[in-house]
Every structure is written in structure tokens, then in C-alpha cells.
Protein chains: 6
Amino acid sequence: MNRVPDEGLVLVPGNTLITATPEEGRALALTLARHTVHNVQPDLDVLKGGRPNYSTDPDSLVAAAHVVAVEFRTIAAANNYWRP
Amino acid sequence: MNRVPDEGLVLVPGNTLITATPEEGRALALTLARHTVHNVQPDLDVLKGGRPNYSTDPDSLVAAAHVVAVEFRTIAAANNYWRP
Amino acid sequence: MNRVPDEGLVLVPGNTLITATPEEGRALALTLARHTVHNVQPDLDVLKGGRPNYSTDPDSLVAAAHVVAVEFRTIAAANNYWRP
Amino acid sequence: MNRVPDEGLVLVPGNTLITATPEEGRALALTLARHTVHNVQPDLDVLKGGRPNYSTDPDSLVAAAHVVAVEFRTIAAANNYWRP
Amino acid sequence: MNRVPDEGLVLVPGNTLITATPEEGRALALTLARHTVHNVQPDLDVLKGGRPNYSTDPDSLVAAAHVVAVEFRTIAAANNYWRP
Amino acid sequence: MNRVPDEGLVLVPGNTLITATPEEGRALALTLARHTVHNVQPDLDVLKGGRPNYSTDPDSLVAAAHVVAVEFRTIAAANNYWRP
């Protein structure tokens, strides 16, 4: 198996939900979602094989955006919404 | 590749969740959702190619509205619901 | 294009999440969801064209009800649940 | 059109989220979800026409249960979870 | 009709969200989801008829797990997360 | 029936939502989701039979990631987001 590299399997890179900015928090949300997928399916060839269909189907893109929104909700709360 | 312009790839434009009004907060929710999609699929031609099917399918529109609702939940909390 | 009238494109009519009653809050939740759809697809003819299939498919109706539930969660929190 | 009776179109029957017990709160969650559907599709014949397929499809039942869960989350919070 | 027994139609068995442990809270989450389904479709034969397809389709299982996750969120909050 | 081993049927392994780190909290989120599935479908052969389709379908992987995101939200709140 062509396995996802170890760093792609870490569930929470940096092991914290605290980020300096909303932009970084949002990037973390994307990473969390992606690494969950890596852990459920760690075979890179399978992941890449599905990507052409996935990433060109608007409904799939919206479904991915939904997951990111849920992750971001958690991260934003963790950071008290980066309120000034 | 006909890439989404850089400003469409910024995850949190303005780098804050704080907005002056609910209307602006709602607009930010739409932007957050859209920019997630841009980051997952940054090829404008692919995005435009899918739009005719997507935007005329009521179920796809409802799915998009669902993501916006989740993003707005976060933004509204960040702004203490713009309570007077 | 037969465009949705301007008032249907306002994202948060009244520009507030505060309502006098739960009933009004619920009505706002429906409006928010509907206006998101209008913003993603502002062509009235397309919207009306999809409605016959959409509104007669129970799964689509449940999906719409799901979005309303999420919007209402936000509005109810904004109003401290209209507790007496 | 064979219209849903007026009481089925009230969005929040009783116009309050406060209930005496979790059981009543749960019943309200089901009612809220159902009345949203009535408002989106107020034609009883259409609603009844879809029910045979809907209510025998496990995935549709799970989708309905999902909406109820989200509504209940709001109602439970409104009632401070009916903590003793 | 071969009706679900009365105890399977109670929406919140025990009429409380408070449980002694996370394990019991999780079991309650499963029960709440299941009893919602019973209330929407109280015919045992229909429910059993759908089960073979449902319970062998991974996507259906994930959809069910999603509902349980949402119910558990409410129950966990009700119990202050069983913090020591 | 080739039954999932008993430890795979425990709903909340360790019977607590408290973890030392975000990484452990995330692992618990994955476990909670997986064990829900085990409880709904405890036949290992059925579970393994569905896995090839499931784990190679990007939409299924995103749906699984969605459930994990919801579980994590609860766990993160339980741990006060592991704030320093």
C-alpha cells in the first residue's frame, strides 16, 4: 500500500486548537477534516483515484465545505472567536 | 489551470469574524463557504463547469444553504448575536 | 433574467436576529434559509422550475426542514430562547 | 388545494419553547419539524402522496430523526435541560 | 398493523436527560434516535422490512451514527459532560 | 454471526469524555463514531463486506468525517478545548 505519510495521519497537528488568527483557525479546520479522511482511508492511491470525480462534483464540494464549517465552529469557540 | 484569483482563496477575508451587522455577518458566512470550495477545487473552469447543474438543482441549493447556516451560527456567536 | 426582487435578496431582513416571539423567530429562520437560496440562485424562473420536483419529494422537504432547524438554533440563542 | 389545517401551519404551537418535561420537549421537536414541512408544502394531498415511499425508506426515517435531534438540541437548551 | 410496543414509542424513556455516566448517556442517545423513528413509522413490519438493506449499507450506518452524535451532544451538555 | 468483540461494542471506552490532549480527544471522536456503527450493525462480516465500497467512495469518507467532526465538538467542549 502507498500509505499517507505519517504527518498526514496526525489527527490534530500541533496538538492544539489554539491559533493566532481566524485564517489559521480556518486552515486548521481544513486540516482536521482532511486528516480524518486519511485515517479512515490511508491508501494514497485510493484517495487520489477518487479525487477526479469528487473534486469536480459540486455536491461533493459542498459536502466537504459542510464538514469544514463544523470543524471551524469548534476551533472558533476554542479561541473565543479571536475577539479583540 | 485557470486558477481562482488569490483573493478568492483567502479563507477568512479580513481575518476576523466580527462584523458590524447581521447582514454583513451573513454575507461573511456565504463567503466562508465559497472560499472553502475554492480551496478544495481552485480550478475556475471546473467550478464554472459544474455550476449549471448545481445551481438549478433545488437539493443542491438546499445543501448550500445548510452550510451557510452552520457558518452563520459561528459568526453570530462570535458577535454575541449583535444584541443591542 | 427574471431576477428575484431586491427584498428577496436581503440576507437578514430587518438586519436583526431579535424577534418578539418564538413564532416570529421561526418565521425568520425560514426567511433566512430562503434568502440564502435566492442569493445563490437569483433567477426566479429557475427557482420556480425546480419547485414542482422539490416540493413534492419528501426527502427534499426534510432537507429543507433541517436547514430551518439550524437557522432557528441560532435565532433562539440570540433571543435567549424567549425565556419568560 | 386540500390545505393543511391552520393549526398545522403554526410554526411554534403555544409560541414558547418552554415545556414541563423532556418528553414534552421532544414532542415539541417533532411538531416543529413537521410544521416546517407543512409550511414549505401546505398541500395535504401532496404530503400524503409522498408518505408511503418516505415512511418505508429507512434512510428517509433517519433523515427525519436527524432534524428532530437538531430541534431538540434547541429546545433542551431553552429549558436548561430540565435539570433538577 | 403490527405496532411497536408502547415502551418503544416513549420519546424520552425515564423522562430525563440526566445519566450517571457517559456510557449511559450514549445509550440514551441511541434510544432517543430509535424512538423518533418508531414514532414516525410505528409499524414494526415496515421497520423490520427495511432493516436488511439499511443495516448493511455503510452510508446508512454512517447516517445513523450522525444522528446519535447530535443526540449525544445534547445529552452530554445536559450532564455537564460528566466532568469529575 | 461473527460478532464484533465486546470491547468494540462499549459505547464510550474508558467511560469518560476527558482526555489529556486534543490528539487523544480526536482519537476518541473516531472511536465513538465507530462504536456506534458496531452497535447498530454488530456483524463483523457485514461490516467488512461493505468496507471496500465505503472506503473508496470519497462521498462516504466525507460523510464519515462529518460524524467525527460532530463527536469532536462535544469532546472538545467537555475538555474546555484543552485551553492552556
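This is a predicted model: local features need pLDDT of at least 70, side-chain atom pairs count only at pLDDT 80 or more; totals for chains, interfaces and linings use all residues.
**Stop 1**

Of the 21 residues in α3(C), 18 are buried, so the helix is largely enclosed by the rest of the structure.

**Stop 1: where chain C meets chain D**

Show chains C and D together. On the chain C side, 26 residues are in contact with 29 residues of chain D. The two chains bury about 2,400 Å² between them, and 67% of that is on carbon and sulfur atoms.

Which elements of chain C give two or more residues to the side that touches chain D? Colour α1 (22-40), α2 (44-54) and α3 of chain C and you have them. The helix from the previous stop, α3(C), gives the most, with 12 residues.

There is also one salt bridge across this interface. Zoom in on D:E71 and C:R26, whose side chains meet at 2.6 Å, N to O.

**Stop 2: salt bridges in the other chains**

Over all chains, the structure holds six salt bridges. Pick A:R26 and B:E71 for another one, with the closest N and O atoms 2.6 Å apart. A:R26 sits in helix α1 of chain A and B:E71 in helix α3 of chain B, so this pair joins two chains. Buried or exposed, what is A:R26? At 0% relative accessibility, A:R26 counts as buried. B:E71 is buried too, with a relative accessible area of 0%.

Move on to A:E71 and F:R26, a salt bridge with its closest N and O atoms 2.5 Å apart. The pair crosses from helix α3 of chain A to helix α1 of chain F. A:E71 is at 0% relative accessibility and counts as buried, and F:R26 is buried at 0% as well.

Then select F:E71 and E:R26, whose side chains form a salt bridge at 2.5 Å, N to O. Here F:E71 belongs to helix α3 of chain F and E:R26 to helix α1 of chain E, so the pair joins two chains. Both residues are buried.

**Stop 3: the axis**

Leave chains E and F on screen. A rotation of 60° with 0.0 Å of shift along its axis puts chain E on chain F, at an RMSD of 0.0 Å. That is the relation of a six-fold axis. To find the part of chain E that comes closest to the rotation axis, select E:V70, with its C-alpha at 7.0 Å.

Which surfaces do the copies use to meet? Only 15% of the interface residues of chain E are also interface residues in chain F, so the copies meet through different surfaces.

**Last stop: chains that don't touch**

No contact joins chain C and chain F, and their closest C-alpha atoms lie 14 Å apart. Chain D and chain F have no contact either, with closest C-alpha atoms 12 Å apart.

How values were computed. Residues are numbered from 1 along each chain as its sequence is written. Chains are lettered from A and ligands numbered from 1 in the order in which they are written. Side-chain values use heavy atoms; hydrogens and water are left out. Contact means heavy atoms within 4.5 Å. Buried means under 20% relative accessible area, exposed over 50%, partly exposed in between (1.4 Å probe, protein chains only). Helices (H or I, at least four residues) and strands (E, at least two) are DSSP runs, numbered from the N terminus. Copies are superposed by least squares on the C-alpha atoms of residues with pLDDT of at least 70 in both. Buried area is the accessible area (1.4 Å probe) that two parts lose on being put together, summed over both. A salt bridge is a side-chain nitrogen of Lys or Arg within 4 Å of a carboxyl oxygen of Asp or Glu.
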